Amino acid sequence: MSRLFEPLQIGPLRLANRIIIAPMCQYSASEGSANDWHLVHLGHLALSGAGMLIVEATAVSPEGRITAADLGLYDDANEAALARVLGVVRAQSPIKLGMQLAHAGRKASSRAPWEGGAQVPLGQPGGWRALAPSALPHAAGEEPPLALDAAGLQKIRADFARAAERAARLGLDGLEIHAAHGYLLHQFLSPIANRRSDAYGGSLENRMRFPLEIFDVVRAAFPADKPVWARISATDWVPGGWDIEGTVALSQALKARGCAAIHVSSGGVSPQQKIAVGPGYQVPFAARVKAEVGLPTIAVGLITEPEQAESIVASGQADAVSLARAMLYDPRWPWHAAAKLGARVSAPHQYWRSQPREYKDLFDNASLGAR
Ligand SMILES: Cc1cc2nc3c(=O)[nH]c(=O)nc-3n(C[C@H](O)[C@H](O)[C@H](O)COP(=O)(O)O)c2cc1C
């Protein structure tokens, strides 16, 4: 019996299996609004048989976008555009739909990766002054962000709350708060980006304060019978930066506030990072969070093989795996994993005839007839 294909409970939300499609920015929106690309992209991933699809980092304000083409959920047009896309996806697939709410902080005002990914200077098209805990640029030579004052912090709390209300109206099954990869909330956590001397900087408790406040406002604005969880970078991969001890402390504080799961990634706050990349390289961080915090824990990062994913879950290192690049490369990854692991997976009835002869029980409920 495959453990990867056992159902998973994330708070009140039941996933059919433990394969999650990681959030992936598409840098293809118009003024924050989803379009036909998102319909095709999310639509085809929704047919994959994964337990949950997490919609890409979705900005809570225009200035919180990484690039001017990021997806957003800050105005009525954004909400209407997503209602169309998610409505179509939901009508065609039983997959659970999560969404990652995000603010880029000092990594805002960038070009898309395929345009080089550099900062766009203020005054150029797609360029604006970024906001951050401290007026420290992400990389040397970049324009520094504006350090947030009390009114700026209050606006961001309100932006997250309003985006969560919009997400609730869209019927999303769960929300992930993006506190990883060097974006705004991670910037507050990391002593590399946070040099504040007020209640939001200095001690670990102070650095965790703003991310925890954001969790609270999102939790309060989203239906109580649906889960809210967080994605965290477990380490900055820089000496003196954010680390796994902080990650465990933050996860415990989140748990006490009703967080339903922790999605454990790493890195992103500093160009000085030295990442020890390899298959499943972030799994040990997930294992530590799971062992010490006890919340449902999602491992991510170079998980590419069905047997590897199965062993991460079966050995208890994590409760679920999330995949990004492997799902783009092979959008039927969960089908192939189920075939290899002797499990069953949901597939659209229109595709049932594709079930290979040697996997007679692969698709849930599949039965076909003809005259
Ligand atoms: C195209 C692309 C877009 C991504 N966008 C996001 C994002 O919106 N939010 C996020 O937290 N991580 C994002 N990531 C990181 C992935 O979610 C994932 O953590 C990372 O790619 C490692 O997993 P993998 O080895 O399975 O690709 C992105 C990765 C890719 C490849």
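Predicted model: local features only at pLDDT ≥ 70, side-chain atom pairs only at ≥ 80, totals over all residues.
In passing α7, helix α6 makes a right-handed crossing.

On the α6 side, the residues that meet α7 are Ile 244, Glu 245, Thr 247, Val 248, Ser 251, Gln 252 and Lys 255, while α7 contributes Phe 285, Arg 288, Val 289, Glu 292 and Val 293. Sorted by class, the residues of this contact are 5 nonpolar, 3 polar and 4 charged.

A second pair of helices is formed by α8, residues 306-314, and α10, residues 333-341, which pack with their axes 9 Å apart and at an angle of about 75 degrees. Helix α8 is therefore roughly perpendicular to α10, a description that applies to angles from 65 to 115 degrees. Here Pro 306, Glu 307, Ala 309 and Glu 310 of α8 make the contact with Trp 333, Ala 337, Lys 340 and Leu 341 of α10. The contact of α8 with α10 has 5 nonpolar and 3 charged residues, and no polar ones.

| Pocket | Volume | Lining residues | Classes in the lining |
|---|---|---|---|
| Largest pocket | about 1,100 Å³ | 44 residues | 21 nonpolar, 17 polar, 6 charged |
| Second largest pocket | about 460 Å³ | 27 residues | 14 nonpolar, 9 polar, 4 charged |

Among the residues that line the largest pocket, Cys 25, Tyr 27, Pro 113, His 181 and Tyr 183 lie nearest its centre. Strand β12, residues 320-323, and helix α9, residues 325-329, each supply at least two residues of this lining, and the largest share of the lining, 3 residues, comes from α9.

The second largest pocket has a volume of about 460 Å³, and the lining residues closest to its centre are Ala 46, Ser 93, Pro 94, Ile 95 and Ser 346. At least two residues of the lining of the second largest pocket come from each of strand β2, residues 13-15, and helix α2, residues 76-92. Helix α2 gives the largest share of that lining, with 4 residues.

Definitions and conventions. Residues numbered from 1 in each chain as written. Heavy atoms only, no water. 1 Å grid on protein atoms, 1.4 Å probe; cavity = no way out; pocket = protein on both sides within 12 Å on 5 of 7 lines; lining within 4 Å. Points joined across faces, edges and corners; volume = space filled by probe spheres on them. Nonpolar A, V, L, I, M, F, W, Y, C, P; charged D, E, K, R; others polar. Left-handed = near helix turned anticlockwise from the far one by under 90°. Contact = heavy atoms within 4.5 Å. Axes fitted to C-alpha atoms, helices over the stretch in contact; angles between N-to-C directions. Parallel < 35°, antiparallel > 145°, perpendicular 65-115°, else oblique.
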